[in-house]
Amino acid sequence: MRITLDELKRTSGGKSVSSFNKKFEEYLDIKPYFVDNGFYYLTRRNIYHIPAMEEQCITISNKFALIELDAAIKGFFIQLLLLSQYGNIELIKKNIIKAIRIDKKTYDKYIIELVGADLVSITTPLTLHTENILLENDFSKQKKLPTKKVNKIAEIDDNGNIIIPK
């Protein structure tokens with residue numbers, strides 16, 4: 001995807017993404033490129049190559065981004081989704097606090113916000129409302145990046161055609 005850090009910040013709801021590249025450089029293949037837009041300073045963007053999905057992952061609908069909640073509360077809900085899918089624990093307050101390592105006041109604050117957004121029902125165990133949010137994983141369209149990078153040098157023949165070695 002081609003995106004500026006400011007666009008990423010607006011999408012994710014974060015206040016600062018200045019350290020985004022440093023935090024995620026081990027997970028993403030980041031290649032900078034510049035667009036000559038006629039101004040004195042060229043527009044700098046990055047191409048982020050996102051690796052193929054792992055077996056234990058969830059796919060969240062873009063409708064989740066439209067829900068009016070703080071980014072921390074959305075992150076907490078995503079953690080709850082992951083725990084419900086792969087945590088092998090009962091979603092009760094004690095287990096969630098221990099697994100996510102948050103304090104009780106923060107847990108209560110986040111749960112109240114999620115109940116207000118109709119994403120959670122306070123039952124024993126906790127009930128998550130994932131309709132139109134949690135999608136089925138589709139691994140069929142995943143493009144796996146090669147584990148070994150090969151530098152291919154293109155050549156130009158006498159007629160001006162580009163020859164790419166196989």
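**Close-up views of a predicted model**

**View 1. The largest nonpolar core of the predicted model has 22 residues.** Phe76, Phe77, Leu80, Leu114 and Leu126 have the most contacts inside this core. Such a core is a set of buried Ala, Val, Leu, Ile, Met, Phe, Trp, Tyr and Cys residues joined through side-chain atoms within 4.5 Å; buried means under 20% relative accessible area, exposed over 50%, and partly exposed in between (1.4 Å probe, protein chains only). Two or more residues each come from α3 (71-86), α4 (93-100) and α5 (104-116), and α3 gives the most, with 6. Helices (H or I, at least four residues) and strands (E, at least two) are DSSP runs, numbered from the N terminus.

The model is predicted: local features need pLDDT of at least 70, side-chain atom pairs count only at pLDDT 80 or more, and totals for chains, interfaces and linings use all residues. Residues are numbered from 1 along each chain as its sequence is written, and side-chain values use heavy atoms, with hydrogens and water left out.

**View 2. Asp108 and Lys93 form a salt bridge (3.0 Å, N to O).** The criterion is a side-chain nitrogen of Lys or Arg within 4 Å of a carboxyl oxygen of Asp or Glu. Asp108 belongs to helix α5 and Lys93 to helix α4, so the pair ties together parts 15 residues apart in sequence. Asp108 is partly exposed at 32%, as is Lys93 at 35%.

**View 3. Thr124 and Pro125 are joined by a cis peptide bond, with omega about -5°.** Pro125 is in the loop between β5 (120-121) and β6 (127-128).
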